[in-house]
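Let's take a walk through this structure together, one site at a time. Have the sequence and the 3D view open side by side as you read.

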Amino acid sequence: MLAYGIDPKVIMAELTGRGAGISRGKGGSMHMFSTEHKFYGGHGIVGAQVPLGAGLAFAHQYTGDGGLCMAYFGDGAANQGQVYEAFNMAALWNLPIIFVVENNGYAMGTAVQRGSAETHFHRRGTAFRIPGISVNGMDVLEVRSAAEVAVAHVRSGKGPVLMELITYRYRGHSMSDPAKYRSREEVQEMRDKHDPIDAAKAELLKRGMAEDRLKELEKQIRSKVNEAADFAENSPEPEMSELYTDVLVESY
Amino acid sequence: MAIELKMPALSPTMEEGTLAKWLVKEGDTVKSGDILAEIETDKATMEFESIDEGVIGKILVAEGTEGVKVGTVIAVIGADAGVAHPQPLPQARGEPDAQPFPLPPAGGAGGGPVRPEAAPRPADPEVPAGTNMRQCTVREALRDAMAEEMRRDSRVFVMGEEVAQYQGAYKVTQGLLDEFGPKRVIDTPITEYGFAGIGAGAAMGGLRPIVEFMTFNFAMQAIDHVINSAAKTNYMSGGQMRCPVVFRGPNGAASRVGAQHSQNYGPWYANVPGLIVIAPYDAADAKGLLKAAIRSEDPVVFLENELVYGRSFDLPELDDHVLPIGKARIMREGKDVTIVSYSIGVGLALEAADLLAGEGIQAEVLDLRTLRPLDREAVLTSLAKTNRVVVAEEGWPQCSIASEIIAICMEDGFDNLDAPVLRVCNEDVPLPYAANLEKAAMIDAARIAAAVRKVCYR
Ligand SMILES: Cc1ncc(C[n+]2csc(CCOP(=O)(O)OP(=O)(O)O)c2C)c(N)n1
Ligand SMILES: [Mg+2]
């Protein structure tokens, strides 16, 4: 959402259920949308976003607006049947869509190899003739260049691409997940050796960015986050009348 | 600038916890990601991570302290001004048990602590008089029901997301993997339509599957197998092909998880001939009816409630506590009005009955327990006694179980009615996320009591 240019304040306000939230406090952590920023969710049902993404791509193709859809889903979501139904139609109809699997090694408490017969998710489009690329999701520049290749492919009218971003999840799945299914060492190793932000930092320094500028940047980010949290904390809850609005668009 | 570290809410229903262990001491330097303490909730022991950097100044709550309220300042970090921030940041996703942001401990609608009920409960006539009782949570009662049936019948197995190694997303299957092994306690990928079909097929093949849905919201992905495969096969095969499967899991609204994760499917499944639908409230019914469900030759949808899992109730100490399917139970006797409910609504109905008793209204509370087949007799008998009925249902009003109860009263109890039957349901909107709107959308004891006063013309 941040990458789509959405203000962190309204995101934080949604997370805390405030009237100023991006869904007026009515959606919550799993249900955030911004049609203004072309961000279409935010879906609480694992896997459901994939055919919805194919539908958005269908609309781009239908109207000929030149747009394409990026549909993100997890390694766990990749096992839902509807994902493959969407793959088939997307390939069949040459839809402008990039399917992005964020393979972070776990679906809640289930490690990838305990839930998936084929753990190389970029191969999962093969049966539908969808080309797949495996990408180090912890490397910002690699992700960027892979995305450029994928976008160019889709834009040239060759149909969907499947990108697998190999990444990691530092925290438990939720606040009540003690994450007993993996070792602390595994997490620490990832944080210490593969952290994408540390790596980007190192890359910037290597390319000659001054350390002070980085510090300054970090400070700015911190204060932006604090500002968003303060904004959310100090915003009122939604008006009671909001309970009944937005159920239907029209009146009958 | 000093930063206050507050007791975090580690689940939506957590109001307090035990500060089991400090992993840092005063004077230690910590950075973001360091584990500060272990905190025990009713569900798990959780690690409390630092989000800030600095030096631990003061530890204010000693390790081993029980009942530390969420939001209590437990320690103070000193840090450079402007670098850190005292607010714990939310997790990226709240799922399915997660609360994305620590809340003040409010007794939200439907949730909150159980209040002691003033009036003694009438004993379940199905339980022999004089049976010893012990306290048991609904969560344990359900687990014990499965374990007992698995010991008794080798055809019984459990499958679902996170049921084995993780010990259940809500810890209902805790310990089953250890006792029964991976052949009978099976973790599935996130593919509800697929494993509901495999469960139904295994039942057709002679096994006794218990299919756990992490919540029934996710069973919508699988509803075709529940209805088209499980419910209709016996009929369509002229009685040759049975499907004795149990689909179980939490149903209804939890707390602060939004519209897609908060829905009561009772009326949906109760609409379908060929299914048994059970929605118990207390631990004794959860255990006795789940055992009956597993033994049934018919497909059963067994609807639990996350907010009730942690509540303790009397459980009869019987070697084999099995209850009849299709029988309602009087949870509280009264002569002035009948409140009909099921699942979490029963707790609210009992609470309302307590309130009303103070005003001189003796409310009878009837727990339907089974939604299909529905115990019409019990409803009509109680109506004949009290002449007034209110239905309380944590779910939408239109085409609800409440609508069905009202129809039954009209069709077969009309002559006994002294007032129109009223229903108290959730507001007719998708469940909102904000705490104030969520509370306003859900039924509560006050609303039930108000409806009762109305039918009593008080
Ligand atoms: C249909 C459905 N089933 C189950 C869930 C509960 N659930 C939410 S997220 C999740 C794990 C998802 O794992 P993955 O797709 O790998 O995404 P990650 O969280 O790792 O990014 C589960 C089981 C759900 N929300 N929807
Ligand atoms: Mg994952």
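You will find T16(A) in the loop between α1 (8-15) and α2 (49-63) of chain A; helices (H or I, at least four residues) and strands (E, at least two) are DSSP runs, numbered from the N terminus. T16(A) is buried, with a relative accessible area of 8%; buried means under 20% relative accessible area, exposed over 50%, and partly exposed in between (1.4 Å probe, protein chains only).

Before going further, a word on conventions: this is a predicted model, in which local features need pLDDT of at least 70 and side-chain atom pairs count only at pLDDT 80 or more, while totals for chains, interfaces and linings use all residues. Residues are numbered from 1 along each chain as its sequence is written, chains are lettered from A and ligands numbered from 1 in the order in which they are written, and side-chain values use heavy atoms, with hydrogens and water left out.

Staying in chain A, look for the magnesium ion (ligand 2), which D75(A) (OD), N104(A) (OD1) and Y106(A) (O) coordinate at 2.1 to 2.2 Å. Donors here are N, O and S atoms within 2.8 Å of the metal (3.2 Å for Na, K and Ca); water is not among the atoms, so sites may look incomplete. D75(A) sits in the loop between β1 (69-74) and α3 (81-92) of chain A and N104(A) in the loop between β2 (97-103) and β3 (106-107) of chain A, so the pair ties together parts that are 29 residues apart in sequence. D75(A) is buried at a relative accessible area of 3%, and N104(A) is also buried, at 17%.

Now turn to where the chains meet. R114(A) and D187(B) form a salt bridge at 2.9 Å, N to O; the term means a side-chain nitrogen of Lys or Arg within 4 Å of a carboxyl oxygen of Asp or Glu. R114(A) belongs to helix α4 (residues 112-115) of chain A and D187(B) to strand β11 (residues 185-187) of chain B, so this pair joins two chains. R114(A) is partly exposed, with a relative accessible area of 29%, whereas D187(B) is buried at 17%. E49(B) and R171(A) make another salt bridge, their closest N and O atoms being 3.3 Å apart.

Within chain B, E148(B) and K287(B) meet in a salt bridge of 2.6 Å, N to O. This pair links helix α1 (residues 138-152) with helix α7 (residues 283-295) of chain B, 139 residues apart. E148(B) is buried at 17% relative accessibility, and K287(B) is buried at 5%. Both belong to a network of salt bridges that also includes R152(B) and D320(B).

Finally, among the 70 residues of the largest nonpolar core, V138(B), L142(B), M146(B), V185(B), L290(B), F302(B) and V452(B) touch the most other members. Such a core is a set of buried Ala, Val, Leu, Ile, Met, Phe, Trp, Tyr and Cys residues joined through side-chain atoms within 4.5 Å.
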